[in-house]
Amino acid sequence: MRIKERSYMLPDGRKITIKSAGPEDALKIKLHREKVCRETHFLAREPEDGPWNLEMIKARFERVANDDREFMVDAYLGDELIGELGITGVGPHVKYLHRAYLGMSILQEYTGEGLGSFMMATALKQAKANGYEQVELGVYSDNLIARHMYSKMGFKEYGMNPRAFKLPDGSYNDEIIMAYIFE
Ligand SMILES: CC(C)(COP(=O)(O)OP(=O)(O)OC[C@H]1O[C@@H](n2cnc3c(N)ncnc32)[C@H](O)[C@@H]1OP(=O)(O)O)[C@@H](O)C(=O)NCCC(=O)NCCS
């Protein structure tokens with residue numbers, strides 16, 4: 001599905017359009033992901049993992065756009081994609097249908113301006129409306145900004161996956177498991 005389009009105003013007055021990207025945006029998604037992976041180690045992928053496959057992105061976004069429950073919340077400044085958030089069902093089995101998984105990233109230049117909180121609030125409201133009972137995510141233990149934002153939005157920390165990530169410099173990082181359970 002695609003969410004209803006809406007706007008978010010950055011503190012300097014620039015208008016951000018919030019809507020769901022589709023297969024037509026595959027190249028923008030690819031460029032966004034490649035850029036954000038170069039900017040931070042907080043995502044699963046490293047630039048060494050190679051370029052994103054455009055055909056796979058297109059197929060995935062086609063599938064999400066046609067799914068009843070899964071959706072994207074994307075942020076555009078003019079034509080540029082500056083942030084993305086995805087809500088995906090954890091699994092197709094009956095016992096998993098109440099659970100959604102969330103991932104998000106914003107270009108560094110646009111972080112710390114409330115955009116992430118706005119995208120998250122939009123996603124939580126839509127996830128609940130789509131029948132999910134909880135939204136789950138994993139976050140690097142040293143990603144203090146993300147952990148702060150998620151806690152502020154109502155997520156709770158439920159566990160830790162030790163040494164979940166091994167960085168190119170050989171250091172390890174734990175993954176903190178968080179969930180937002182709808183009342
Ligand atoms: C994590 C992320 C999505 C947050 O989005 P954002 O737009 O920067 O978040 P917001 O501006 O809405 O909120 C950030 C909060 O962190 C706070 N913050 C800023 N710097 C901080 C720091 N060094 N330590 C703790 N909190 C900090 C802000 O004050 C704000 O909190 P407040 O609303 O209580 O004042 C975004 O920074 C991002 O995409 N980062 C890079 C990729 C990433 O880490 N993705 C998440 C993977 S799990």
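A: Helices (H or I, at least four residues) and strands (E, at least two) are DSSP runs, numbered from the N terminus. This is a predicted model: local features need pLDDT of at least 70, side-chain atom pairs count only at pLDDT 80 or more, and totals for chains, interfaces and linings use all residues. Residues are numbered from 1 along each chain as its sequence is written.

Q: Which residues of α1 are buried?

A: Buried means 20 or more other C-beta atoms within 10 Å of a residue's own (exposed: 12 or fewer; partly exposed: in between), with C-beta atoms placed from the backbone. In α1, that picks out A26, I29 and H32. Down the helix axis these buried residues fall within an arc of 125° (taken from the directions from the axis to the C-beta atoms), so they line one face of α1. An α-helix has 3.6 residues a turn, so residues three or four places apart point the same way.

Q: What covers the buried residues of α1?

A: Look for contacts, meaning C-beta atoms, placed from the backbone, within 7 Å. The cover includes α2 (54-66) and β4 (80-89).

Q: And what does V135 touch?

A: Leaving out residues up to four places away in sequence, V135 touches A100, L102, L124, A127, A179 and Y180.

Note on methods
Contact = placed C-beta atoms within 7 Å.
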